[in-house]
Structures are given as C-alpha cells and as structure tokens.
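Dear colleague,

Please find below the structure I wished to hand over to you. My notes on it follow, and I would ask you to read them beside the coordinates.

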Amino acid sequence: VKKNMQRLVEFAGDEEIFAQLESKAILLLLIIPFLQNQPRDQVSRNIEQITMFKEIMIYVEKNISSPITLDDLAHIAGYHPTYFSNLFTKVMGQSPIQYCNRRRIEKARELLRATGARLDEISREVGFCDAFYFSKMFKRQTGISPSEYRKSKSAEMS
C-alpha cells in the first residue's frame, strides 16, 4: 500500500499517457479493499466515478499527519460538502472521514512494523492529536491495540 500510494503521489499532475495509465491502475489496486463488500454490478458502474476521487486520495496521503476536514475534501472535489460526502460514501462504501481514518491506521501499522517510535509519536505522525483516541481507533479497525500489534509483528519477524 505504501509504495502504491507513493507512486500515485509521484504521478499526480503528470500528463504522459503511460503515467496516467499507471496512476489509474494504482488507484484501482488501492480501492479494491473498499469495494469488496459491494455487489459486483455496483462496482463496475462505479469504477469511473471512483477514479474521480484520485485527487482526494493524493491529498489525504500528502496531508495524513494534518487535520483533514470534510470541507477540505469537498472543496478539492469541487462539490458541496453534503453532496460530496453522500457521493463518496455511495461510491466507496464508507464516508470520507472513515476513509481518512482507515488510511491513518494503515500508515500507523506500517510505522509500528518499521520503527520503534513511541505510540504518542506515531499517533501524531498519522494525524491523531490524542494517543488514547488513536489507540481506540486502531483497536476498532484491527481488533487489537497498537502495542499488541507491534508485539505480534515483532514475533512474526523473529
């Protein structure tokens, strides 16, 4: 995921046709987990709509350590916040804020595996100003606490 997001950010604004094609392919790889619970016919209808959220995904990735609001995302997409939220939720199967939180937790998982940083440092790095709230969100999405996750990944690597 990390490498794909980095490549997607690299291709942002590139006008070359091959860069655009690779960017679209990467975007589709990244959104597959969000679409797996949706009916197949709905997924095929929504693929083109999904690609319009590429700029949103790039923005979230670039600003993951900063506060991101619905208004920010709606402005980037060029829609009213309510319309944008409803469209994003319909197409992606989760709200824009849920998407942001999911990306934050995915990034935190990478940091927990790759670094020895303290939980409060990781929580700030992924945009949570409160380590307690970060831990709560992490456990809600993964089923285990950040500390347990780090221990389990350390044991797997040994």
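Which residues does Ser 66 touch, not counting residues up to four places away in sequence? The contacts of Ser 66 are with Arg 104 and Gly 127. Please bear in mind that the model is a predicted one.

Ser 66 itself lies in the loop that runs between helix 4 (54-62) and helix 5. Its relative accessible area is 28%, so Ser 66 is classed as partly exposed, a class that lies between the limits of 20% and 50%.

Helix 7 (residues 96-114) packs with helix 9 (residues 131-142) at an angle of about 95°, and their axes are 10 Å apart. Helix 7 is therefore roughly perpendicular to helix 9. On the side of helix 7, the contact is formed by Asn 101, Arg 102, Ile 105, Ala 108, Arg 109 and Leu 112. Helix 9 contributes Phe 134, Met 137, Phe 138, Gln 141 and Thr 142.

Met 52, Tyr 79 and Tyr 83 make up a nonpolar surface patch of about 280 Å². Of these residues, Tyr 79 is placed in the loop between helix 5 (70-77) and helix 6 (81-92). Tyr 79 counts as partly exposed because its relative accessibility is 32%.

With kind regards

Methods. Residues numbered from 1 in each chain as written. Predicted model: local features only at pLDDT ≥ 70, side-chain atom pairs only at ≥ 80, totals over all residues. Heavy atoms only, no water. Patch = residues over 30% accessible without salt bridge, like charges linked within 9 Å, V, L, I, M, F, W, Y side chains within 5 Å. Areas by Shrake-Rupley, 256 points an atom, 1.4 Å probe, with all protein chains shown as cover. Salt bridge = Lys/Arg side-chain N within 4 Å of Asp/Glu carboxyl O. Helix = DSSP H or I, 4+ residues; strand = E, 2+ residues; numbered from the N terminus. Buried < 20%, exposed > 50% of the residue type's maximum accessible area, 1.4 Å probe, protein only. Axes fitted to C-alpha atoms, helices over the stretch in contact; angles between N-to-C directions. Parallel < 35°, antiparallel > 145°, perpendicular 65-115°, else oblique. Contact = heavy atoms within 4.5 Å.
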